[in-house]
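I'll jot things down as I look them up.

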Amino acid sequence: DTEESWTLDIELPQPVIWWEDDGEQAAVAVQAEAHVGSDGETMEVLGLILPDGSAAVALMDDVDLVDDTDPTWRDLVANAIDISDDD
C-alpha cells in the first residue's frame with residue numbers, strides 16, 4: 001500500500017540490466033514511478049518487459065540503466081531468446 005505516487009522523469013522505453021537473486025537479466029523499462037509507503041519511505045520502481053514477453057516490477061536500486069548497444073545487455077537478450085549462429 002502506498003500513500004502517494006508520481007512518475008519518474010526518465011526516457012522510456014529504457015533498456016536495463018536487472019540484478020536478481022539468480023543473476024542478471026536483460027529487460028526494457030516501460031514504466032517508472034516513485035511511491036511513498038505507509039512508513040514514509042519512498043520506493044522508486046520500474047515496470048519491466050522481459051525478453052520472453054513477460055512482465056515484472058523491479059526496484060530502481062536493482063537495475064542498471066544501459067543503452068541498447070551495451071554488449072552485456074545484448075548478450076543477455078540473445079541468450080534469453082536463444083539466438084544462435086545456426087539459424
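This is a predicted model: local features need pLDDT of at least 70, side-chain atom pairs count only at pLDDT 80 or more; totals for chains, interfaces and linings use all residues.

Reading along the sequence, I get the order β-β-β-β-β-β-α.

Next, overall dimensions. The C-alpha trace spans about 50 × 25 × 20 Å along its principal axes. The chain has 87 residues, and 30% of them count as buried.

Then I went through the backbone. Which residues does a cis peptide bond join? I found L12 and P13, with omega at about -5°. P13 sits in the loop between β1 (2–7) and β2. I noted this one down because most peptide bonds are trans.

On to β2, which covers residues 14–20 and includes E20. The cut-offs here are under 20% for buried and over 50% for exposed. E20 also belongs to a negative surface patch, along with D21, D22, E44, D61 and D62.

Last stop, helix α1, residues 71–80. What caps its N-terminal end? I see D70 doing that, with a side-chain oxygen 3.0 Å from the backbone nitrogen of T72. Past the other end, just after α1, D82 has a positive phi of about 55°. That went into the notebook too, because most residues other than glycine have a negative phi.

Note on methods: Residues are numbered from 1 along each chain as its sequence is written. Side-chain values use heavy atoms; hydrogens and water are left out. Patches are made of residues with over 30% relative accessible area and no salt bridge: like charges are joined within 9 Å, nonpolar side chains (Val, Leu, Ile, Met, Phe, Trp, Tyr) within 5 Å. Accessible areas come from the Shrake-Rupley method with a 1.4 Å probe; for residues, only the protein chains shown count as cover. A salt bridge is a side-chain nitrogen of Lys or Arg within 4 Å of a carboxyl oxygen of Asp or Glu. Lys and Arg count as positive and Asp and Glu as negative; His and the chain ends are not counted. The place of a charge is taken as NZ of Lys, CZ of Arg, CG of Asp or CD of Glu. Helices (H or I, at least four residues) and strands (E, at least two) are DSSP runs, numbered from the N terminus. A polar contact is a pair of N or O atoms within 3.5 Å; within protein, one must be able to donate a hydrogen and the other to accept it, and residues adjacent in sequence count only if both atoms are side-chain atoms. Buried means under 20% relative accessible area, exposed over 50%, partly exposed in between (1.4 Å probe, protein chains only).
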